[in-house]
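Please open the model in your viewer and keep the selection panel at hand. The tour goes from one selection to the next and says what is to be found at each stop.

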Amino acid sequence: MNIPGKLKMEKSPYNRLRHHFSLAKITFWSLVFVGLIYVSFFRSSSSSTAHSDNSRRSLRTSRDWEQRVRASAKIRSQKGISVLVTGAAGFVGTHVSAALKRRGDGVVGIDNFNSYYDPSLKRSRQALLERSGVYIVEGDINDDKLLRRLFDIVAFTHVMHLAAQAGVRYAMENPSSYVHSNIAGLVSLLEVCKSANPQPAIVWASSSSVYGLNNKVPFSEKDRTDQPASLYAATKKAGEEITHTYNHIYGLSLTGLRFFTVYGPWGRPDMAYFFFSKDILKGKSIPIFEGPNHGTVARDFTFIDDIVKGCVASLDTAEKSTGSGGKKKGPAQLRVFNLGNTSPVPVSDLVSILERLLKVKAKRLIMKMPRNGDVQFTHANISSAQTELHYKPTTDLQTGLKKFVRWYLSYYSDGKKSDQ
Ligand SMILES: O=C(O)[C@H]1O[C@H](OP(=O)(O)OP(=O)(O)OC[C@H]2O[C@@H](n3ccc(=O)[nH]c3=O)[C@H](O)[C@@H]2O)[C@H](O)[C@@H](O)[C@H]1O
């Protein structure tokens, strides 16, 4: 019987071949194994290098960040103040920040760059401010840790609080954004300010919309403001009550400014004068609201430069807060001012001015004012601001819109920016 023996088997060419193959296999797998260990070692060591690089970078960034905040807050004039401007990439925020910086105040901005309207416009405003030395921290006023950190770095003497969810009609689309910014955000800011040591004086943006259904004209600060016509107005009115509380309990110095339909260069694309201009140029029809019985709808349009003067004067006349570290030491200043133009203009006249400036006839679509929070008429009595702030608006609508249109045409004509 030919029983296959071991040797015999090994000696057969087939077996030799198999032997070779298994040797090659072992060598191959050993190499793969060693290779894997090698690769995983280097990967882990390089990832730990990357990790430590990252943490070093974040440390570096935070040191850079702190330095940028400090540099921006540096006061360069003898009587200068140091101001935290919330909503600094916004329309009014940009203009106020630039004005303060120009006269030598320390200015640090904060803005969350939300997309309520084209964020690229906010980025352009940011670039403008950066060129004049104002740094805008990217963050939300609801982030109290960030706010506290800023107060740890800089002993702000003043806060110019302009961050808000603006727009009367949008409140029906996104009501919670108004609660988030205009109520929760305000409380978050006031909480930080009340515990700061020293406490800053705060000037903040309320709105002409708080007059709501009040029909006694011109609107005076003493008139009733308990009938808001929109959620936007209601949140601004709530802000006035909330600031009263913080003034009363913690001794924070607080000044609320009721702005009347502010317009001008670098303005807000959601506002009528802005999107009317865009649509007139595009040949699109523009909806012009009218009141009951074809009643005129009019606004006390106020030019941005006049508003900036009112804001700066409010900061300059604000008394110090009296509390410290969350404790009140005595009564503190509490003010509210109308900042308007004192000459309401019908919306149809606004359109006529735009037609002349843009040299294009508008396609007017006259329609009944929808029930979406609008009021028919606004008109500011500014005697209080005149007496206490020496506020005196000097720009009529024709002059102000001329400046707006010049800016609008140059901003959107360089080919890079789109007005959608
Ligand atoms: O003073 C304020 O506190 C507010 O001012 C601004 O609100 P408003 O005065 O309503 O401005 P804006 O929308 O430009 O409408 C202007 C006019 O055009 C009419 N309007 C408007 C839209 C339209 O399609 N058609 C129209 O006729 C409309 O009926 C109105 O008569 C800010 O947006 C707001 O954030 C707040 O700051």
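Select aspartate 270 together with Tyr117, Gly167 and Tyr170, which are its contacts once the neighbours within four places in sequence are left aside; two residues are in contact if their C-beta atoms, placed from the backbone, lie within 7 Å. This is a predicted model, in which local features need pLDDT of at least 70 and side-chain atom pairs count only at pLDDT 80 or more, while totals for chains, interfaces and linings use all residues. Residues are numbered from 1 along each chain as its sequence is written.

Aspartate 270 itself sits in the loop between β7 (262–263) and α8 (272–282), where helices (H or I, at least four residues) and strands (E, at least two) are DSSP runs numbered from the N terminus. It counts as partly exposed because 15 other C-beta atoms lie within 10 Å; on this scale a residue is buried if 20 or more other C-beta atoms lie within 10 Å of its own, exposed if 12 or fewer, and partly exposed in between, with C-beta atoms placed from the backbone.

Which residues are closest to the ligand? They are Ala166, Ser207, Met271, Ala272 and Phe289, in a shell of 18 residues, where a residue is near a molecule or strand if its C-beta atom, placed from the backbone, lies within 6 Å of it. Strand β8 (residues 285–290) supplies the largest share of this shell, three residues. By class, the shell divides into eleven nonpolar, five polar and two charged residues; here Ala, Val, Leu, Ile, Met, Phe, Trp, Tyr, Cys and Pro count as nonpolar, Asp, Glu, Lys and Arg as charged, and the others, Gly among them, as polar.

Now colour residues 83–320, which UniProt lists, in an unreviewed entry, as "domain: NAD-dependent epimerase/dehydratase"; UniProt positions are given in the numbering used here, feature names are shortened, and annotations may be inferred rather than shown by experiment. Over this stretch the chain is 42% helix and 18% strand, and its end C-alpha atoms are 13 Å apart.

Select helix α5 (residues 144–153) and helix α6 (residues 175–195), which pack at an angle of about 35° with their axes 10 Å apart; the axes are lines fitted to C-alpha atoms, for helices over the stretch in contact, and angles run from 0 to 180 degrees between N-to-C directions. The contact is made by Asp144, Leu147, Arg148 and Phe151 of α5 and by Ser188, Leu189, Glu191 and Val192 of α6. These residues divide into four nonpolar, one polar and three charged.

From α5, move on to threonine 157, in the loop between α5 and β4 (158–161). Is threonine 157 buried or exposed? It counts as buried, because it has 21 C-beta neighbours inside 10 Å. Beyond its neighbours within four places in sequence, threonine 157 is in contact with Ile81, Ser82 and Pro200. Of these, serine 82 is 75 residues away from threonine 157 in sequence and 5.4 Å away in space, C-alpha to C-alpha.

Backbone geometry is the next topic. Zoom in on asparagine 197 and proline 198, which are joined by a cis peptide bond with omega of about 5°; proline 198 lies in the loop between α6 and β5 (201–207). A cis bond also leads from valine 217 to proline 218, with omega near -10°, and proline 218 is placed in the loop between β5 and α7 (231–250).

Then select phenylalanine 113, a residue other than glycine with a positive phi, near 50°, in the loop between β2 (106–111) and α4 (119–131). Histidine 390, likewise not a glycine, has a positive phi of about 55° and lies in the loop between α11 (383–389) and α12; histidine 390 is exposed because 12 other C-beta atoms are within 10 Å.

Finally, go to serine 410 in helix α12 (residues 397–412), which counts as exposed because it has 10 C-beta neighbours inside 10 Å. Zoom out to the whole protein, with its twelve helices and 13 strands, where 40% of the 420 residues count as buried.
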